[in-house]
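Biologist: I am new to this structure. Please take me through what some of the labels on it rest on.

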Amino acid sequence: MRRSRLLPAFCAGLVFLGEVACGPASGPRFEISIPQSIAAQPITGRVFVFITNDGSREPRFQAGSWSLRAPFFGKDVDQLQPGQPVTIDASTLGYPPGSLRDIPEGDYHVQALLNVYTRFPRSDGHTIWAHMDQWEGQQFNRSPGNLYSTETSVHLAPAGYDVKLQLTRTIPPVQVPPDTQWVKRIKIQSQLLTKFWGHPIYIGATILLPKGYDSHPAVSYPVLYEQGHFDLSPPLGFSTHPPTAADRQALEDRLGPTTSPVIRDMMKQRLEWGYELYQAWNSANFPRMLVVTFQHPTPYFDDSYAVNSANDGPYGDALMQELIPYLETHFRIIRQPYARVLSGGSTGGWESLALEVYHPDFFGGTWTFYPDPIDFHRWDVIDLYSDENAFYPPGFQWQIPRRPWQRDPDGQVLSTEEEESRMEAVLGSHGRSAQQLDIWQAVYGPVGNDGYPVDVWNKLTGRIDHSVAGYMRDHGYDLDYYIRTNWPKIGPQLAGKLHLYCGDMDSYYLNLAVYLLDDFLSNVKNPPAQASFAYGRPMKPHGWQPMSQADLLRMMADFITKHAPAGQNNSLWKYR
């Protein structure tokens, strides 16, 4: 990493490394441009400036982390010409500080980045611009093809500065890990999604093969379809070696100094589980299954939520009609419902439950962990149907509390709904932040007249649009409402198949919605749900899981064996 020396605010006309200059100005100001040698054609996208006093890593990697929250500022560009400057000044919205004027005087590391957008002429008649995932999982600060400047050290004073940055570097392509004896990866173009988006769209999977798969070519196996965020690493954290000192240090760096001891211990345990899974997987008495994680990033997020959507397109159909059939014809998977089980946490938790309840005749059961809101009466702590504002609870006049978005296991609020909303507004206009609130409204909500998702609430005021909330409910995305409404039809197929787990101090308050589904399924008749719920107590946060990955697979194998059709010879797969 190359850095220039500190640039004082009065250093008019000086140029360093051909990428940054500083001069006198009235008010704070950054000018960002693209040299013609880097881009010959105009670019549409969003330009960012990142500012930090932490020199341990590049500023672009510090924005948005709840433990660091380095300031950043964003602005859309439309057909930006090479050499044409873009100005980010005191009027540009930022996060956490709202304006450049709120940055205290001092010495800082700064960096600029351009998130490049692609034109999508969709089949619904709308043409939009958004970031096309490059198989990195919508990580704009790491996405191949995005442009950035070198990190530079400057002195900033709210009274005024003019820092010029040039986007001279391009993020290189993703290096997909090589296949191994145990792990295979596939990537296919979805014809359904390509037709909808008017642009090639790819989906894929990472497959963990059981011991003896190659030496028993006549044997077919059950499959766990695991859901989660985009990740090219092996399913369930599978690792053929114990964690190294570098692995443990990388975890510490990722967690940051303010992570609570409860979460820190939980993440350390999960790091150990990967090697423990390999040891069990490779043993003589462990059930033989395939584990498959889906890869389905979208122009709005690193994951599609595995359902059809007005904004996102037919991802549910793509998974069910293209990806799963491809997997089940290219790998020896038992193609019967009893042998297909589901699991996932957080985003993957919502998906695993949704796929089971939408397709109860195709999947044999789900083990769902800390799912995203499954009842929109408890969208975190918000009642999306009756509350007027997402930022402030009703009934207060003089002292108005802020609604929390994230907490520590001991109850310490780490960020609010208002802060999360503004962060996403800075990351992208028109719902293009590729963050959590924006993907929920993109997947569940209607398309606006401009072709972009309609905001479920205003990101700067918090005002809730109840017509959007009603659309989400009526189109089946409130899973508790969907299950309650359709229980007479789907209940007989779901009885005994639903297993949910959540910490009682979930970091995003997701346990609140799980309680509501628990109340219904614990009391429903005709038929009884026979569902199981487990809550981590006390003080278990987001990510809590009461069993190791190996023990989870043993539970699933026993469940599959118990529910296999009469005459099915499970000895062919269970311990071969």
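Modeller: The model is predicted. A place to begin is Pro 527, in the loop between helix 10 (511-523) and strand 26 (532-536). The peptide bond that leads from Asn 526 to Pro 527 is cis, with omega near 0°.

Biologist: Which other peptide bond is cis, and where is its proline?

Modeller: The bond from Arg 537 to Pro 538 is cis, its omega being near -5°. Pro 538 belongs to the loop between strand 26 and helix 11 (549-563). Most peptide bonds are trans.

Biologist: What is the phi of Met 539?

Modeller: Phi of Met 539 is near 60°, a positive value in a residue other than glycine. Met 539 is also in the loop between strand 26 and helix 11.

Biologist: Why is Met 539 called partly exposed?

Modeller: Its relative accessible area is 36%.

Biologist: How do you know whether Ala 306 is buried or exposed?

Modeller: The relative accessible area of Ala 306 is 4%. Buried means under 20%, so Ala 306 is buried. Ala 306 lies in the loop between strand 18 (290-295) and strand 19, and its phi is near 60°.

Biologist: Which residues does Trp 379 touch?

Modeller: Among them are Leu 437, Trp 440 and Tyr 444, and these three are buried in helix 7.

Note on methods:
Residues numbered from 1 in each chain as written. Predicted model: local features only at pLDDT ≥ 70, side-chain atom pairs only at ≥ 80, totals over all residues. Heavy atoms only, no water. Contact = heavy atoms within 4.5 Å. Buried < 20%, exposed > 50% of the residue type's maximum accessible area, 1.4 Å probe, protein only. Helix = DSSP H or I, 4+ residues; strand = E, 2+ residues; numbered from the N terminus. Lists of a residue's contacts leave out its neighbours within four places in sequence.
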